[in-house]
Amino acid sequence: MSTVATDATPPRHASRPPTRWLILAVICLAQLTVLLDNTILSVAIPSLTEELGASTADVQWMINAYSLVQSGLLLTAGNAADRYGRKRMLVTGLALFGVGSVAASFSQGPGQLIAARAGMGVGGALLMTTTLAVVVQVFDGAERPRAIGIWSTVNSLGFAAGPVIGGTLLNHFWWGSIFLINVPVVLVGLVAAVKLVPESREPAGERPDPLGTLLSVVGMAGVVYSIIAGPVHGWWSTPVLGTAGLGLAGLAVFAWWERRVQHPMLDMGFFRNRRFIGALAGGILVAFGMGGSLFLLTQQLQFVLGYGPLDAGLRTAPLALTVVVLNFTGLHARVLPRLGTPLTIALGMTTLAAGLATAAVFGSGGYGGMLSGLMLMGIGVAFAAPTMANAVMSAIPPRQAGVGAGLNGTLAEFGNGLGVAVLGAVLGARFTALLPATITGAASLPAALAAAHTSADQSAVRHAFASGLRTGQLVGSVAVLLGGLIAALLLHRAARVPARR
């Protein structure tokens, strides 16, 4: 019989730590460190290219080494947290992330920086899984929605604050400062985690699943790498098809093995739970639409509206600020019990999709239209993101919270990467289709502008790029809307099942 929970509200813990809100602050600090590192590097690319002599391929690997390692290890990290202790893995993740940050800041060449970023990815995987797992352990069903809402808010803060902090540091210090700033935060987090966070783990979690671990890493790394490499090498190229095939085969064998091993790292019975499936399906599509659309949004601010990297980062802040205001005031936690999970997700995703569409349609004419879209997106994220995370974690027994958090993070990374790749391809296809006949072979806006010799051609190039961005963002908004409606429908149907029995 499957051990998957079907009740949306887990039983209350026997005792709640009196310092639980302070523990949440520690968790959010650790989470924010990882999320900042995901976005802060983007503004340092020109400095890295000039001072380290990095090629375009080097820069891509500086960014991708971190995300590839992290996404490949998320499920394994969550399983390790359940088996060997969530506090122990949280402390280990902070330590690895801190050491990797020091190594990255003092790297002498691209190869060293890529290796340091890969090491940081290991620590990041441990942190991304243990933070949510600890929240589930510390907070009971009554307080958990608000706690997850605050935890979820950190994701928006990381997105908005990364480029701003990175740009400020680069204006005053050398490029290594964007990594070195992690060190004091990690030290504070280590001390606080050791003193405040209670240890918890699965009682029967001492027996590892080495083959399952290997298969999950190979499978996820292969799939994620093919998504990353697809736009660069071509979707039908041998390296992309080969790694995609290897990854899918690894995941298929992993699923087969997990059904047969006595102590699996992932209980495949989860996938018979409609609540779990609904939350994951919606989460993947939402990550697809959000990741791809926000990737296009930054280009719209810089290439269409003409803002620099730092100014563009500052102008995305209203999205994060809206999320912070709504979640820290506890509005989401008050609305969720009244509307229920399906309706809250549908409302949030519809608002988020409307915000993306508003930014796409009205954002090209000026920042006013963009601002309206960003605020609508913030309202949608504030309601939908924590509700989705709470739905996933509520469908999993608390003793396997690490695996649940790892699976949630893995599929979010997958959806995000796929969204960037697919919506980026939509942008590219629309852009090249609308270029003047006199401009051929230009795959980017700078290249097309360089090939345009008349003001009319330059205007046509800019119009083509803006049109490509708008098309890609509209596709992303449709994906977000569909993701929300699918998740809401499946969760609604799952809630009705017990009533029929």
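Is the crossing of H11 and H15 left-handed or right-handed? Keep that in mind; the tour reaches the pair at its third stop.

**Before you select anything**

This is a predicted model. Colour by pLDDT first. The protein averages 79, and 89% of the residues score at least 70. Helix H4 (residues 86–105) has the highest confidence, at a mean of 90. Helix H2 (residues 45–51) has the lowest, at a mean of 70.

Now select residues 1–14. Here pLDDT stays under 50. The model still has 32 contacts for this stretch beyond four places in sequence. Where pLDDT is low, the predicted coordinates should not be read in detail.

**Stop 1: the whole chain**

Switch to cartoon. The protein has 19 helices and zero strands. It runs to 501 residues, of which 54% count as buried. Take the contacts with a separation of 6 or more: residues 24 or more positions apart account for 83% of them.

**Stop 2: the cores**

Select Leu113, Val135, Phe179, Leu266 and Phe276. They have the most contacts inside the largest nonpolar core, which has 102 residues.

Leaving aside neighbours within four places in sequence, Phe179 is in contact with Asp37, Leu41, Ser101, Ala104, Ser105, Leu113, Arg117 and Met120. Leu113 is also in the list of core residues with the most contacts.

**Stop 3**

Show helix H11 (residues 274–304) with H15. Their axes are 11 Å apart and the helices pack at an angle of about 15°. That is under 35 degrees, so H11 and H15 are roughly parallel to each other. As for the opening question, the crossing of H11 and H15 is left-handed.

On the H11 side, pick Arg275, Val286, Met290, Ser293 and Gln300. They meet Thr341, Met349, Leu352, Leu356, Ala359 and Ala360 in H15.

H15 passes H16 in a left-handed crossing.

**Stop 3: Ala81**

Centre on Ala81, in helix H3 (residues 56–84). Is Ala81 buried or exposed? Ala81 counts as buried, because its relative accessibility is 0% and the cut-off is under 20%.

Which residues touch Ala81, beyond its neighbours within four places in sequence? The contacts are Arg86, Met89, Thr130, Ser200 and Arg201. Draw a distance from Ala81 to Ser200. The pair is 119 residues apart along the chain, with 8.7 Å between the C-alpha atoms.

**Stop 4: Pro184**

Finish at Pro184, in helix H8 (residues 182–196). Pro184 has a relative accessible area of 46%, so it is partly exposed. Draw one more C-alpha distance, from Pro184 to Gly98. It reads 8.7 Å, for two residues 86 apart in sequence.

Technical notes
Residues numbered from 1 in each chain as written. Predicted model: local features only at pLDDT ≥ 70, side-chain atom pairs only at ≥ 80, totals over all residues. Heavy atoms only, no water. Core = buried A, V, L, I, M, F, W, Y, C linked by side-chain atoms within 4.5 Å. Buried < 20%, exposed > 50% of the residue type's maximum accessible area, 1.4 Å probe, protein only. Contact = heavy atoms within 4.5 Å. Helix = DSSP H or I, 4+ residues; strand = E, 2+ residues; numbered from the N terminus. pLDDT = per-residue confidence, 0-100. Left-handed = near helix turned anticlockwise from the far one by under 90°. Axes fitted to C-alpha atoms, helices over the stretch in contact; angles between N-to-C directions. Parallel < 35°, antiparallel > 145°, perpendicular 65-115°, else oblique.
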